[in-house]
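Student: Hi! Could we go through this structure together?
Tutor: Happy to, let's open it up.

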Amino acid sequence: MSDRILVITASLVLLTGVAAGAFGAHGLKRVIDPSMLSVWQTAVLYQLVHGLGLLALAALGTRFGSPLLTYAGFFMFAGIVIFSGSLYTLVLSQIKWLGAITPIGGMAFLIAWALVALAAYRAA
């Protein structure tokens, strides 16, 4: 994933994260249970944090020049889709088994950050 593609992807992730946050705060607040609103907010938080992570990967790409950062970008984006996406879908559909998918996204985040650490370690 090139730095340019990472920045574009990160920007779109952040744009949709802000939109999802606004939708939760204004559109869902009156129609869903407060515990489900908390789940929505968790999805938004992780989407925004890892969207910024994608931007950081773009910045680090030229500094470290490691292919590990490309893999980290893939895992981070997959984590956003799986983690946040499963939580959004859970809240909107009330299909409870979707909660079982969420940890797969969390594992993708962990792998992504481990790859970033490994790339930095190897660059030293």
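Student: Which residues form a nonpolar patch on the surface?
Tutor: In this predicted model, the patch is made of Y71, F74, F75, M107, L110 and I111. Together they have about 590 Å² of accessible area.

Student: And which elements give two or more residues to it?
Tutor: Those are α3, spanning 67–93, and α4, spanning 102–123.

Student: Where is F74, then?
Tutor: F74 sits in helix α3. Its relative accessible area is 45%, so F74 is partly exposed.

Student: Switching topic: is Q47 buried or exposed?
Tutor: Q47 counts as buried because its relative accessibility is 6%, and the cut-off for buried is under 20%. You'll find Q47 in helix α2, residues 34–64.

Student: What does the Q47 side chain have a polar contact with?
Tutor: With the side chain of Y88, at 2.7 Å.

Student: Which residues is Q47 in contact with, leaving aside neighbours within four places in sequence?
Tutor: V13, T16, G17, I80 and S84, along with Y88.

Student: Now the inside. How many residues does the largest nonpolar core have?
Tutor: That core has 31 residues, and W40, L54, L57 and V91 have the most contacts inside it. Elements giving two or more residues to this core are α1 (3–28), α2, α3 and α4. The largest share comes from α3, with 10 residues.

Student: What does W40 touch, not counting residues up to four places away in sequence?
Tutor: W40 touches A20, G21, F23, G24 and L28, and also Y88, V91 and L92. Y88 is the residue whose side chain makes that polar contact with Q47.

Terms used
Residues are numbered from 1 along each chain as its sequence is written. This is a predicted model: local features need pLDDT of at least 70, side-chain atom pairs count only at pLDDT 80 or more; totals for chains, interfaces and linings use all residues. Side-chain values use heavy atoms; hydrogens and water are left out. Patches are made of residues with over 30% relative accessible area and no salt bridge: like charges are joined within 9 Å, nonpolar side chains (Val, Leu, Ile, Met, Phe, Trp, Tyr) within 5 Å. Accessible areas come from the Shrake-Rupley method with a 1.4 Å probe; for residues, only the protein chains shown count as cover. A salt bridge is a side-chain nitrogen of Lys or Arg within 4 Å of a carboxyl oxygen of Asp or Glu. Helices (H or I, at least four residues) and strands (E, at least two) are DSSP runs, numbered from the N terminus. Buried means under 20% relative accessible area, exposed over 50%, partly exposed in between (1.4 Å probe, protein chains only). A polar contact is a pair of N or O atoms within 3.5 Å; within protein, one must be able to donate a hydrogen and the other to accept it, and residues adjacent in sequence count only if both atoms are side-chain atoms. Contact means heavy atoms within 4.5 Å. A nonpolar core is a set of buried Ala, Val, Leu, Ile, Met, Phe, Trp, Tyr and Cys residues joined through side-chain atoms within 4.5 Å.
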